[in-house]
Amino acid sequence: MVRTELREHIFKIVFQVEFNNSEEMPEQLELYLEELHNAKDKDREYIKNKYEAVVAHLPEIDEMLNRISTSWKTNRMNKTDLAILRLAVYEVCWDEDVPTKVAINEAVELAKKFSGEDAPAFINGVLAKVAQ
């Protein structure tokens, strides 16, 4: 799989965090990974590791998003946008393998594919502040 496709799968799992409690997520992750019939073991491992890294930083990520996005706190954000932002903020702030511009561009592309028409501009604006 290419990184864009891997990122999409990570986004989908991060999205599930809003709808499952933390005790259920390991099982949800395994079920999701089992359904990726075209994925190689290294792809599954990459998805799992990146998801776990994002989740490990969720308190910091959400605090940052709440500080930056003054009119839209995380508890009021569209859940799709929130999952995209969480993944992108992790990539911008902690993932040295992903250039900031790539993380922002990929987040905007996810928003175009999975969210509403205003989402790409919102995501781009929030991530521009994170990147500063």
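Visitor: Leaving aside neighbours within four places in sequence, which residues is tyrosine 90 in contact with?

Guide: The model is a predicted one. In it, tyrosine 90 is in contact with Lys50, Ala53, Val54, His57, Ile61 and Asp95, its neighbours within four places in sequence being left aside. Contact here requires heavy atoms within 4.5 Å.

Visitor: What makes tyrosine 90 count as buried?

Guide: The relative accessibility of tyrosine 90 is 10%. Buried means under 20%, so tyrosine 90 counts as buried.

Visitor: Where does tyrosine 90 lie, and how far apart in space are tyrosine 90 and glutamate 60?

Guide: Tyrosine 90 lies in helix H5, which covers residues 79-93.

Visitor: Why is glutamate 8 called buried?

Guide: Glutamate 8 is found in helix H1, residues 3-16. Its relative accessibility is 15%; the cut-off for buried is under 20%, and glutamate 8 therefore counts as buried.

Visitor: How do you know that the side chains of glutamate 8 and lysine 113 are joined by a polar contact?

Guide: The distance for this pair of side chains is 2.9 Å. A polar contact needs an N or O pair within 3.5 Å, one atom able to donate a hydrogen and the other to accept it, so the link between glutamate 8 and lysine 113 is called a polar contact.

Visitor: Which kinds of element make up the chain?

Guide: The chain has seven helices and zero strands. What makes it as compact as a globular protein of 132 residues is its radius of gyration: the value is 14 Å, close to the 14 Å that the globule rule gives for that length. Along its principal axes, the C-alpha trace spans about 40 × 30 × 30 Å.

Visitor: How many of the residues of the chain count as buried, as a percentage?

Guide: Of the 132 residues, 48% count as buried. The accessible surface of the chain comes to about 7300 Å², and carbon and sulfur atoms hold 49% of that area.

Visitor: What share of the contacts with a separation of 6 or more comes from residues 24 or more positions apart?

Guide: Such residues account for 66% of those contacts in the chain.

Note on methods. Residues numbered from 1 in each chain as written. Predicted model: local features only at pLDDT ≥ 70, side-chain atom pairs only at ≥ 80, totals over all residues. Heavy atoms only, no water. Helix = DSSP H or I, 4+ residues; strand = E, 2+ residues; numbered from the N terminus. Rg over C-alpha atoms; globule rule 2.2 N^0.38 Å. Buried < 20%, exposed > 50% of the residue type's maximum accessible area, 1.4 Å probe, protein only. Areas by Shrake-Rupley, 256 points an atom, 1.4 Å probe, with all protein chains shown as cover.
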